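Colleague: Before we discuss this chain in detail, I would like to see the model itself. Please show it, and then let us proceed by question and answer.

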Amino acid sequence: MSRTKIEICSVGHQKFPFSTRILRKWKSELFEVTEFRDVQLLPNSDGDDYTYSDESIANVFPVTSTEDSIQFGICSVPLADSFYLRPLSEHSCILSLSELGLLLQAQNRRIEDFILKNLYLAVGVHALKNSIGLEQALQVVHDESRGCIFDMNPNRADAVFSMERLSLCADCKAKLQRASLPHGFLEQFEREIRRIRPSLYQRIEAFVKKQPLVSILVAVVVGLSLELLGNFVYDWLRGR
Ligand SMILES: [Zn+2]
């Protein structure tokens, strides 16, 4: 199975910096990040409400990708039609952290995980359609948020929900099963997207936020148990 080559480009000033090291070190049998580059500045916006049109982004992020590669831009400015991920051509797209960056920070989710989630979305669409153009992408994604990698998330808050336990919904899984993909692609795709999840610390923190009373009770029980255990060990040592 050949890996899709991905070039990641930081477009403009990043309000929500991300680690290129984490993205470069991510182990995947489906894609490889071959290059990182920067486009330092963007011109003034050319759309309503300070949004940037595809043409405006493409002017500073020109397409150089070929059939077996994807150019993946990341910016912090709002895009046209309130999209946070927009195809710019058959093989290039741009991800905006303009709104999602704040939401992800509020939920203690890593920006890199969100980037990875969208890299897999692009890789999945590319595998199915041999293109990530707008028309092809819209044939794959769905409006309903199902916790699926192909959720379109018209509601921004759903984008964070979709990352809770990344998977493929039954509909998308059937779509991938029907497609003529390389042997083992679907299984590997599912295995890899499941690895994009909050760290243990983030999961504990989320549990404490959701269940503060249970968390206090657990802390008290654990504290008392440790004290009792300490007393027991102390008495046992003295008695020897
Ligand atoms: Zn789905």
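Colleague: Across which strands does α4 lie, and at about what angle does α4 run to β3?

Modeller: This is a predicted model. In it, helix α4 lies across β1, β2, β3, β4 and β5. Its direction relative to β3 is about 150°.

Colleague: What is the order of the strands in the sheet?

Modeller: The sheet is open, has five strands and shows mixed pairing. β2 (31-39) and β4 stand at the edges, each with a single partner strand, so one side of each is left without a neighbour in the sheet. From one strand to the next the twist averages 25°. The order is β2-β1-β3-β5-β4.

Colleague: How many bridges pair β1 with β3?

Modeller: Strand β1 comprises residues 4-11 and pairs with β3 in the parallel sense. Within this pairing, serine 10 stands opposite isoleucine 74 in β3. The number of bridges is six.

Colleague: Through how many residues does the hairpin join β4 to β5?

Modeller: β4 and β5 (residues 92-96) run antiparallel and are joined by four bridges. Arginine 86 stands opposite isoleucine 94 in β5. The hairpin passes from β4 to β5 through two residues.

Colleague: How many residues of β3 are buried?

Modeller: A residue counts as buried if 20 or more other C-beta atoms lie within 10 Å of its own. By that criterion β4 (residues 85-89) is mostly covered, with four of its five residues buried. Strand β3 (residues 69-75) is also mostly covered. Of its seven residues, the number buried is six.

Colleague: Why does the span of α4 agree with what its number of residues should give?

Modeller: Helix α4 covers residues 111-129, which is 19 residues. At 1.5 Å a residue, the helix should span 27 Å. The span agrees because the end C-alpha atoms of α4 are apart by 27 Å.

Colleague: Which residue just after α4 takes a positive phi?

Modeller: α4 itself is mostly covered, as 14 of its 19 residues are buried. Just after the helix, a phi of about 60° is found. The residue with this positive phi is asparagine 130.

Colleague: Which element gives the most residues to the largest nonpolar core?

Modeller: The largest nonpolar core has 47 residues, and Phe72, Cys93, Leu95 and Leu119 are among those with the most contacts inside it. Elements that each supply at least two residues of this core include β1, β3, β5, α3 (100-106) and α8 (185-194). With 10 residues, the element that gives the most is α4.

Colleague: Which residues does leucine 95 touch, not counting residues up to four places away in sequence?

Modeller: Leucine 95 is one of the residues with the most contacts inside the largest nonpolar core. The residues touched by leucine 95 are Phe72, Gly73, Ile74, Tyr84, Leu85, Ile115 and Asn118.

Colleague: What distance separates the centres of domain 1 and domain 2?

Modeller: The domain assignment gives domain 1 as 4-198 and domain 2 as 204-239. The C-alpha atoms of the chain fill a box of roughly 80 × 45 × 35 Å along the principal axes. Taken over C-alpha atoms, the separation of the domain centres is 43 Å.

Terms used:
Residues are numbered from 1 along each chain as its sequence is written. This is a predicted model: local features need pLDDT of at least 70, side-chain atom pairs count only at pLDDT 80 or more; totals for chains, interfaces and linings use all residues. Domain bounds come from an automatic or database domain assignment. A residue is buried if 20 or more other C-beta atoms lie within 10 Å of its own, exposed if 12 or fewer, and partly exposed in between; C-beta atoms are placed from the backbone. Two strands pair if DSSP finds at least two bridges between them. The expected span of a helix is 1.5 Å times one less than its number of residues. A nonpolar core is a set of buried Ala, Val, Leu, Ile, Met, Phe, Trp, Tyr and Cys residues joined through C-beta atoms within 7 Å. Two residues are in contact if their C-beta atoms, placed from the backbone, lie within 7 Å. Axes are lines fitted to C-alpha atoms, for helices over the stretch in contact, and angles run from 0 to 180 degrees between N-to-C directions.
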